[in-house]
Amino acid sequence: MQNLKMRETVFFNGEFLDVKDAKIPVVSPGFLYGWGLFETMRSCNGKIIYLDQHLKRLKNSCVLINLKLTYSTVKLKEIIRKVVLTNASKEALVKLILWKSKLSTEIAILAKKYEVYPEQKYKKGFKVKVSSFTQNRDFLVSRVKTTSRLMLELAFQEALAGGFDEALLFNSSGCIAEGTRSNIFFVKNKTIFTPSLDCGCLNGVTRKVIFDFAQEEKVKITEGKFNLQDLYNADEAFLTNSLMGVMPLVTVENYKIAKGKRGMLTKYFIEKYNYLLEGASGK
């Protein structure tokens, strides 16, 4: 009797399909284990903000989690720009996603309209919740933009459910680490402070921009280990990421930082970042 090869079948959204016909890579390591990376970028007037910096981080992260980047930086730029050009929005969110397949690395790049926060939000600022989740500062994943981010998403949803804009994560030593999708800075006596990378925070692209701003303005910036009381005692505070840029942080739980008002340095950095957006810096 002839030995017939058994068909590999999966159940997906109400149907039994050949694994090759499934709409998502249901048996890939990327899908099963969250073995992947992503970069979220902002396009303004058809140009990507800090594209080189995003691709450099992506390339370095591929090495850390053993993903093969199958496109050169030059080719990736070409593809990203083509995707952006097909999007008619002046402001766009651009996402590049890589994930591990059985034999190689899959890639997807998408662009969609980005709803910019209203100017009033940059005056009023964010309220953050102290998350019940703890960041593992020793875990490799805390240092890369991985698709394995369930804990961060649960923390974010917990914050939204409580009427907050973001969640603030601490590490197991009780030190401030980061927001679920942002880096944090605070100012005291004209010095900027931010958690060091070994606290378990991501080395954000916009985080680096703040370091550049501080150097240009001859403002001292210090990385270190800080607790909640350090934040409460701040003269002002702000959050950063590549989409929102620089956002004032005015309330932590029910405590108002500097009486809940946006600080002057924060205001200046918002204006300075917006100026870079207009020029599409890092294109």
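By class, what residues make up the lining of the largest pocket? Hello everyone, let me start with that one. The lining has 17 nonpolar, 16 polar and nine charged residues. Please keep in mind that this is a predicted model.

Let's stay with that pocket for a moment. The space inside the largest pocket comes to about 950 Å³, and 42 residues line it. If you want to find its centre on your screen, look for Phe38, Lys145, Arg149, Thr180 and Arg181, which lie nearest to it. Several elements supply at least two lining residues each: strands E3 (36-44), E5 (91-100), E7 (126-135), E9 (176-179) and E13 (236-241), along with helices H5 (150-161) and H6. Which of them gives the largest share? That is H5, with five residues.

Now for the second largest pocket. Here the space is about 380 Å³. Its lining has 15 residues, and Gln53, Lys56, Arg57, Asn60 and Asn203 are the closest to the centre. Helix H2 (51-64) and H6 each supply at least two lining residues, and the largest share, six residues, comes from H2. Split by class, this lining has six nonpolar, five polar and four charged residues.

You will have noticed H6 in both linings, and that helix takes us to the inside of the protein. As a rule, nonpolar side chains in soluble globular proteins tend to be buried together. In this model the largest nonpolar core has 43 residues, and the members that touch the most others are Ile192, Leu231, Leu249, Phe269 and Tyr273. Helix H6, residues 205-216, gives the most to this core, with six residues. There is also another core, lying apart from that one, with 18 residues, including Ile48, Cys62, Ile65 and Ile109.

Let me zoom in on Tyr273. Which residues is it in contact with, once we leave aside its neighbours within four places in sequence? The list is Ile49, Tyr50, Thr206, Val209, Phe213, Asn241, Ser242, Gly245 and Val246.

Not counting residues up to four places away in sequence, Lys121 touches Phe126, Asp165 and Met247.

Next comes Ser173, in the loop between strand E8 (166-171) and E9. With 42% relative accessibility, Ser173 counts as partly exposed.

The last stop is Glu115, which sits in the loop between strand E6 (105-113) and H4. Why does Glu115 count as exposed? Its relative accessibility is 58%, and exposed means over 50%. Glu115 and Leu243 are 128 residues apart in sequence, yet 9.7 Å apart in space from C-alpha to C-alpha.

Technical notes. Residues are numbered from 1 along each chain as its sequence is written. This is a predicted model: local features need pLDDT of at least 70, side-chain atom pairs count only at pLDDT 80 or more; totals for chains, interfaces and linings use all residues. Side-chain values use heavy atoms; hydrogens and water are left out. A nonpolar core is a set of buried Ala, Val, Leu, Ile, Met, Phe, Trp, Tyr and Cys residues joined through side-chain atoms within 4.5 Å. Buried means under 20% relative accessible area, exposed over 50%, partly exposed in between (1.4 Å probe, protein chains only). Helices (H or I, at least four residues) and strands (E, at least two) are DSSP runs, numbered from the N terminus. Contact means heavy atoms within 4.5 Å. On a 1 Å grid over the protein atoms alone, a cavity is a set of points where a 1.4 Å probe fits but cannot get out, and a pocket is an open set with protein on both sides within 12 Å along at least five of seven lines; lining residues have an atom within 4 Å of a point. Grid points are joined across faces, edges and corners, and a volume is the space filled by probe spheres set on the points. Ala, Val, Leu, Ile, Met, Phe, Trp, Tyr, Cys and Pro count as nonpolar, Asp, Glu, Lys and Arg as charged, and the others, Gly among them, as polar.
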